[in-house]
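The sequence and the coordinates are shown first.

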Amino acid sequence: MKRPLTITTKLTVVFVLFAAALLVGVGLLAYTSGRSALLATVSSNLSSIAIEKQAAIDTWTEEAKAHIAVIAASRHLQDYITTLLTATDPAKTRAIADRLLTDLRLWTGLNKHFRSFMLIEPESGRIIASTDPGNEGKFVEDRLYFISGRKSPYVQNPYYDIATQTPVMTGSTPVISADRRLLAVLAGHLNIDELDQIVARRTGLAVTDEAFLVNTSHLFVTQPRFVADSAILKRGIYSEAVKRGLAGNSGVLSADDYRGIPAITVYRWLPKRELCLIVKIDEAEALAPSRRFGWTILLFGGFLLLLASVIAFGLARTISRPLLALKEGAARFGRGERNLHLPVSSEDEIGQLTREFNTMAASLAEKEYTLRVHAEQLEQMVVSRTAELTRSEALLRESEQKFRSLIEDAPDAIYVHADYRYVYLNPAAVKLFGAASADQLIGSAILERYDPGLHEQIRERMRLLYEERRKSLASERFYHRLDGTTVPVEIRAVPIRYDGRNAALTFVRDITERRRAEQELKRAVTDLERSNRDLEQFAYVASHDLQEPLRMVSSYTELLARHYEGRLDEKARKFIDYARDGAVRMQALINDLLMYSRIGTRGRPPEAVDTHALLGEAHRNLAAQIEENRAIITNDGLPTVRADASQLVQVFQNLISNAIKYQGEGAPHIHVAAREDGQEWVFSVRDNGIGIEKQYAERVFVIFQRLHTRQEYPGTGIGLALCKRIVERHGGRIWFASEPGSGTTFFFTIPKYT
Amino acid sequence: MRAVATLFRRSPTVFFALAGTGITRPQDFAGKKIRAVSDQTLILHAMMARIGIRPDRYTLVSLPSDLKRFASGDVPVWGGYLTSFVLLARQAGHQVNVVYPDDYGVHLYGDTIFATDELIDDNPDLVRRFLRATLKGWTYAVENPAQIGPMVVKYNPEADAALENAEMTASIPLINTGEDHIGWMKPERWTGMEKTLRQQNVLTKPVDVSQVYTMQFLEEIYRTNRK
């Protein structure tokens, strides 16, 4: 991360930047104005030189013109020409020409304007005489100096001469006779070197200055200093200054020269000569003082800037020192130092800030102390809560572990499904489905385990469960196991959340065994019922059919006794009595048996009966026995119940009869009562008889079972069996409570509504 | 068809003789055998006519450019190119006097660039660009004659670099008059040529010289083309 600038640095930078801006501004102003002044001076100097050179060139050409005009005006020359033009003898002509040329040669040579002269015939342009003999006879009718020279003195700008292969400048003038006839044109080649010297002449101490002339074809007319080969009339120059000059302008320009070097150039159009004069100097040299001045400013400026930086730094420190002290104080505070009081060194804003800081630090220290106390308390709470949480978590884990092992080890199949697919199965479930592992089933559709015909129904029920619109579902179904077999199961399912989804936890019990047991029981009951019916039928048929032969035995025994009364000895009578007695007993047995068997087969449907009335009927039926034994029979209020009236009379009758029969020492006292007990009435018949040993609790209710001999107490041993059968037919029970010697109480129940 | 620029503004055709013969002027040709072929004949007749010497006063001979034959002197005056035959003769060590027809009123342009009227009308830019490139090349050659030899050798290894340089140097005054731009043409020169050609019966009837050349391209190029 970038380190932020300190206040000292910022302030210093701002001060220094300000100083730098000021210095740069002033420096630039000084430099540019100095440079402008220098440029103006240089331009002015160059212009002066150009003006001076222009004047010199003009003077030189004007002098040349004047000079040749003076020669042409010589009467002597005119005479020669007149003679020459009229002479017919070649020898004489030659002689005159030679004399003429001798005169003209006096005007030629070094330090003279002209190098050579020629006289030209004004009509044809033929050279009639020339100081250069090779030129005589040639025609110059198309040359400018000839054409112009016929009218007035003229100097032709430099051109390239074929014969000499050098640049040449030619002056010309008409030669006019006293009678104003154009006799000839006098022309002379100028010493062009003089022009070169005039232009190239340099004054002053400059190194890179130069001057040259350029013609309208952009060709150098005088030799430039910095071109080694001869450039005159050979090399072109197309610099901006030349273009401007040749366009007829004069002025100053800072631009690259023909070498591509920046130069200050004065260009000047010489209208008389139709040439462009260039005077120039390299910018580097011309502006060298300006550069030196620039360096001086830079150095001085640099020094001032350094000075300003030092001052700025000192100033910034005086501002930033108290701030730094404050910062240090804040840092110490930050490191935990609390007994902090920073010295207040001034009364300005920073002093006030320091004071505020001290106040704030004290306040913060106090608050921090309070906070620390709170924090410690909080920490303590956190520790204790954490411990609790840890304990809870351990318990939860343990509970989870228990629950998991409970589920995993459960003998019943348990599985979870969500979105109609298995998501968990315990080992018992895996085994139940006949899978190798839970993975084989997880993700598969639960409906695959059901008969296709049930799919819609199951899906609907599961949906209700998922949506928790049912708290639980229970059903018995057949599962299709993976091997294709089916297994009967009892299913209970409850909705749960599993992995954040609505799911169903399902408990399944294989009820194959239970089903088999139930079926066996059912079959056994059916068998038993059939057997009972057969037995009853047998008993009924037997007792009924036995009565007829018994009546015959009884009747004929009676007839025998009556017919042979008095004729039989004692022994025979005794035998007949035995037979008659046996027949009577048998009759009683058969009657009882018949009655017993009729309970199941001939019973009437139950109806509402007043048990008090029924007790009265039993009383009447037993009137003789009651009278004979002086028995007292009492009763409490008795209810109305739904029952077979005649059978219930039989029960009361048998119980009362037994109570009288097995009376104790005193007269029999029998009390009949009834009480409500839930859904049934409990009747009781209490006596004060001999009582029954506890071990005979079951035996007394078995048919034809007797506890006493017939001699002790007469009877067939069917009475209580009959009672038991009647009570049970009505859905009740019968039992007794007895204290041998002091009486017995028989209890039986009749359901309130059967 | 029109001329668009003239490269040799003075004809390189000259007449020359061994210095020993004393022949320095066309007047000296009278009664002599003169070797002249093709357009040299026309130039010779025009020049001789200018100084008033009729063709029956000199004898024309047609010979190949043979330096040995020139050196033998049996034909004293030879017509040829200043830039080749004269140069060869001088290089062979002969002192040679040269007569320039230009000095005797015969001012003919040499190598001239022409373009058809169709090309000028249909594709003036092509003409302009061709001409500009050509003139740029000649300007360079005039300013740097010593560079020309090696350049020619580069494209023609059999050429003699020194000779090529010499030829270029000799060509400079014909190409660059020092008075105006390279390639520049003058109306009076065209008029003069028409006159000369009619006098020599090359042209049998007057020709409107303004239809023979155009300054259109030169003016454009020298107005805009500043390197």
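A:His218 is located in the loop that joins strand 6 (210–214) and helix 6 (240–246) of chain A; helices (H or I, at least four residues) and strands (E, at least two) are DSSP runs, numbered from the N terminus. The model is predicted, and local features need pLDDT of at least 70, side-chain atom pairs count only at pLDDT 80 or more, and totals for chains, interfaces and linings use all residues. Residues are numbered from 1 along each chain as its sequence is written, while chains are lettered from A and ligands numbered from 1 in the order in which they are written.

Most residues other than glycine have a negative phi. In A:His218, however, phi is positive, near 65°. This residue counts as buried because it has 21 C-beta neighbours inside 10 Å; the classes are buried for 20 or more other C-beta atoms within 10 Å of a residue's own, exposed for 12 or fewer, and partly exposed in between, with C-beta atoms placed from the backbone. A:Glu468 likewise is a residue other than glycine with a positive phi, near 60°. A:Glu468 belongs to the loop between helix 11 (455–466) and strand 12 (473–480) of chain A, and its 13 C-beta neighbours inside 10 Å make it partly exposed.

## Packing of helix 1 and helix 5

In chain A, the axes of helix 1 (residues 7–72) and helix 5 (residues 192–200) come within 9 Å and cross at roughly 165°. Axes are lines fitted to C-alpha atoms, for helices over the stretch in contact, and angles run from 0 to 180 degrees between N-to-C directions. Helix 1 of chain A and helix 5 of chain A are therefore roughly antiparallel, given that angles under 35 degrees count as roughly parallel, over 145 as roughly antiparallel, 65 to 115 as roughly perpendicular and the rest as oblique.

Helix 1 of chain A contributes A:Lys53, A:Ala56, A:Ile57 and A:Trp60, which meet A:Glu194, A:Leu195, A:Ile198 and A:Val199 of helix 5 of chain A; a contact requires C-beta atoms, placed from the backbone, to lie within 7 Å. By class, this contact between helix 1 and helix 5 of chain A has six nonpolar, no polar and two charged residues. Here Ala, Val, Leu, Ile, Met, Phe, Trp, Tyr, Cys and Pro count as nonpolar, Asp, Glu, Lys and Arg as charged, and the others, Gly among them, as polar.

## Surroundings of A:Ile633

A:Ile633 is placed in strand 16 (residues 632–635) of chain A. It is buried because 20 C-beta neighbours lie inside 10 Å. Apart from neighbours within four places in sequence, A:Ile633 is in contact with A:His619, A:Ile626, A:Ile656 and A:Ile670. A:His619 is 14 residues away along the chain, and its C-alpha atom is separated from that of A:Ile633 by 8.4 Å.

## Chains and interface

Chain A has 17 helices and 21 strands, and 28% of its 754 residues count as buried. Chain B has nine helices and seven strands, with buried residues making up 33% of its 227 residues.

Between the chains, 20 residues of chain A are in contact with 24 residues of chain B. Strand 3 (residues 154–161) of chain A supplies the largest share of the chain A side, three residues. By class, that side has nine nonpolar, five polar and six charged residues. The model scores ipTM 0.85 and pTM 0.53.

Methods. Two residues are in contact if their C-beta atoms, placed from the backbone, lie within 7 Å.
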